[in-house]
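Please have the viewer open while you read this note. Take the points in order, and find each residue as it is named.

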Amino acid sequence: MKVMILQGLSQAYDNLVHMIAIFVPRFAVMLIIVVVGWLVALVLRYVFRAILHVSRLDRISEEAGASQVLRKAALPSISELLSRALFWVVWLGFMVLGVSVLGIPELHEQIARVFQLLPQIFIAILILFFGVLASNFLSRAALLASVNAGHRSPRVWSASIRFVILILAFSMALEQIGLANQTVISAFSIVFGTAMLALAIAFGLGGRHLARHALEQYFGSRKTEPDKGEEPSPL
Amino acid sequence: MAEEILLADDFVRQLMSVGEVDILVGIPSFNNAATIGRTVLAVEQSFQQGFARQRVALVNADGGSEDGTREVVMSTRADKSSTVGGRGLTSLRTEQRVVTQYGNEPSAGLALRTILAAADLLRAKACAVISPATSNLTTAWITNLLEPIYRDNFDFVAPLYNRHKYDGLLARNLLYPMSRSVFGHGIRELHPSELGFSGRLASHCLGQNVWHQEDIQDAPEIWMALTAISSDFRCCQAFLGTKERAAAGTGPDIVTAVRQNVGSLFWCLDTQENYWLQRAQPEALRSFGPESDLTCEPMNLNRQRIYELFRSGVQDLGPILQSILAAETMGEIQRVAAQDEEKCRFSGELWARTLFEFAASHRHAVLNRDHMIQALVPLYRGRIYSFLVEHQDSTAKEMEADTENLCVEFEKQRPYLVERWKA
């Protein structure tokens with residue numbers, strides 16, 4: 001009995017030593033891969049940032065209004081953001097490589113699963129980003145056009161355009177990562193449909209006099225309003 | 001040429017058959033069949049009266065007219081049996097006529113480029129561009145544009161017109177004072193429908209790598225005028241006559257005019273900074289004829305609407321204007337916009353500062369550039385409202401003095417533009 005216990009302990013000790021003997025070099029290799037990966041990612045980040053700087057991406061982003069959005073969200077410039085993203089993607093790639101060297105299948109599977117989702121998350125973030133950009137640009141264009149044309153409630157038009165585009169981008173992003181697909185589509189249809197119906201009713205009730213006036217003027221059955229004068233010729 | 005220009009084979013063939021010329025008059029057109037015949041006759045008569053011994057050519061650059069404009073140009077001929085101006089003058093040389101279609105839709109940039117290419121290929125000494133829409137064109141207009149170039153060796157001739165005191169307010173309040181203070185030479189009509197230029201300037205402009213730029217497509221004349229100044233060509237102004245008012249609804253609206261003209265001016269500021277940042281002193285521009293000639297008949301203007309658009313514009317565009325203007329300037333504009341209609345005054349000092357801050361923000365692209373220029377429209381309306389109220393009863397002389405004061409204000413604040421520009 002005593003011999004058996006000793007044999008068991010000895011075997012366990014041998015196994016432990018064997019495992020440590022196998023694990024430590026693998027762990028060392030993993031650490032080396034992670035450190036090398038960090039260095040590679042760092043170099044790539046600086047190179048990528050320099051390329052983006054030369055391509056004047058920040059200026060384009062400034063003109064498109066993207067930088068303003070980023071500033072509001074307390075984020076760095078677009079070139080800094082993209083180069084940081086590249087840094088993390090590369091380093092995470094090296095980390096996964098390092099973990100796979102450890103030879104722990106369960107851990108490897110879990111990380112692989114997260115990594116499978118990464119492209120979708122990345123695309124969803126891109127969709128959101130461009131959605132915010134488009135909503136910003138188009139709502140500003142609508143605001144300027146309606147202010148200069150002297151339309152009433154230009155800010156309402158501008159905000160409506162921003163809202164519709166943001167809702168569209170948000171639902172597309174959620175659909176991309178496969179989060180409650182049916183719910184998102186239904187919610188979007190309900191929100192969008194409600195907004196359109198509300199606008200239609202509001203326009204129908206609030207704008208009926210305007211519509212009648214426009215139609216009467218178009219078909220010439222009513223005299224035009226007396227001339228209140230013109231704007232002076234700019235040229 | 002820095003940029004290759006694709007001229008139609010037929011156009012090149014026509015130009016080759018013309019050979020070399022001394023004088024060239026270009027007429028850009030698009031569906032101008034109703035009026036272009038009169039323009040062609042005036043050009044022909046000016047050739048006979050003023051340039052009877054010179055080799056002359058008329059070039060029509062058409063933007064795809066569907067009303068027979070090109071045919072009218074080719075078929076219109078002065079009656080040889082009749083005498084011109086009763087003096088019995090006829091040209092000693094054949095007047096050459098070339099018609100080309102540069103595209104299927106009108107483009108001021110392409111039309112001017114086509115005329116410049118023709119001037120370059122024909123080695124013309126003096127050229128003029130005439131608008132077929134000008135209804136009161138006379139032979140004197142064309143002669144006045146061509147003579148300073150042909151006889152006095154000038155390279156660019158901008159027109160001067162007799163106008164109503166409320167016409168051309170964008171030029172009077174923005175283009176003229178700003179270009180004068182920045183570039184040092186004051187051209188009254190920076191975006192003219194008629195202009196004259198030398199063959200040397202035509203070749204120089206044609207060789208610039210700018211013709212693909214959207215910013216100059218609608219108002220290439222602004223770029224050409226400022227290029228002539230910044231490239232040290234000899235510029236002058238010549239009085240032509242009365243500029244007729246465009247019928248209501250036919251001219252460009254305020255938003256379009258501001259986008260085209262201010263967009264081109266700001267773009268020129270950006271691309272020609274090497275010239276104006278180093279400019280030392282302003283120089284007077286020689287003028288042939290009176291520099292300013294205004295008429296003061298009463299006019300039905302809707303001042304209240306202009307004021308309302310200014311006030312609501314400042315209110316609605318607050319966040320956009322804040323990102324373009326300095327906080328102090330923005331605050332001052334908001335104070336002006338908050339005042340009653342009777343007390344609302346957009347001073348020349350504030351206007352100059354506002355424009356310089358817009359120009360600097362445009363250069364630094366703090367927003368989309370077209371959006372920035374659109375955001376200027378309500379402020380321009382504020383300035384115009386103030387101008388109209390101040391000059392309700394002003395005489396031509398008083399208005400001229402006010403324009404001079406505005407130019408001086410712009411000159412005074414020029415260092416501020418330089419400071420913000422370099423920031």
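1. **Confidence.** Keep in mind that this is a predicted model. Its scores are ipTM 0.84 and pTM 0.79. For chain B the mean pLDDT is 88, and 93% of its residues reach 70 or more. One stretch needs care: over residues 83-88 of chain B the pLDDT is below 50. Beyond near neighbours in sequence, that stretch has 6 contacts in the model.

2. **Chain A.** What is chain A built from? It has 8 helices and 0 strands. Read from the N terminus, its elements run α-α-α-α-α-α-α-α. The chain has 235 residues, and buried residues make up 15% of them. Now take the contacts in chain A with a separation of 6 or more: residues 24 or more positions apart account for 66% of these.

3. **Chain B, elements and overall form.** Chain B has 17 helices and 9 strands. Its radius of gyration is 22 Å, close to the 22 Å that the globule rule gives for 423 residues, so chain B is as compact as a globular protein of that length. Along the principal axes, its C-alpha atoms fill a box of roughly 65 × 45 × 40 Å.

4. **Chain B, burial and contacts.** How much of chain B is buried? Of its 423 residues, 48% count as buried. Among contacts in chain B with a separation of 6 or more, 88% are between residues 24 or more positions apart.

5. **Two domains in chain B.** The domain assignment gives domain 1 (9-295) and domain 2 (303-422). Their C-alpha centres lie 30 Å apart. Each side brings residues to the contact: 25 from domain 1 of chain B and 25 from domain 2 of chain B. On the domain 1 side, the elements that give two or more residues are α6 (169-183) and α9 (254-271) of chain B. The residues of that side divide into 15 nonpolar, 5 polar and 5 charged.

6. **The largest nonpolar core.** In soluble globular proteins, nonpolar side chains tend to be buried together. Here the largest nonpolar core holds 129 residues. Which of them touch the most other members? They are Ile23(B), Leu24(B) and Ala225(B). Helix α15 (residues 369-390) of chain B gives this core its largest share, 10 residues. Look next at Ala225(B). Leaving aside neighbours within four places in sequence, Ala225(B) is in contact with Phe156(B), Ala158(B), Ile187(B) and Leu190(B).

7. **A second core.** A separate core has 7 residues. Ala124(A), Ile127(A), Ala169(A) and Ala173(A) are included in this second core.

8. **Asn153(B).** Find the loop between α5 (139-150) and β5 (156-164) of chain B; Asn153(B) is there. Its phi is near 60°, a positive value in a residue other than glycine. Is Asn153(B) buried or exposed? It has 12 other C-beta atoms within 10 Å. The cut-off for exposed is 12 or fewer, so Asn153(B) is exposed.

9. **Ala365(B).** This residue is in the loop between α14 (348-364) and α15 of chain B. Ala365(B) is not a glycine, yet it has a positive phi of about 50°. Ala365(B) has 19 C-beta neighbours inside 10 Å. Buried needs 20 or more, so Ala365(B) counts as partly exposed.

Notes
Residues are numbered from 1 along each chain as its sequence is written. Chains are lettered from A and ligands numbered from 1 in the order in which they are written. This is a predicted model: local features need pLDDT of at least 70, side-chain atom pairs count only at pLDDT 80 or more; totals for chains, interfaces and linings use all residues. A nonpolar core is a set of buried Ala, Val, Leu, Ile, Met, Phe, Trp, Tyr and Cys residues joined through C-beta atoms within 7 Å. Helices (H or I, at least four residues) and strands (E, at least two) are DSSP runs, numbered from the N terminus. Two residues are in contact if their C-beta atoms, placed from the backbone, lie within 7 Å. Domain bounds come from an automatic or database domain assignment. Ala, Val, Leu, Ile, Met, Phe, Trp, Tyr, Cys and Pro count as nonpolar, Asp, Glu, Lys and Arg as charged, and the others, Gly among them, as polar. pLDDT is the predictor's confidence in each residue, from 0 to 100. The radius of gyration is taken over C-alpha atoms; the globule rule is 2.2 Å times the number of residues to the power 0.38.
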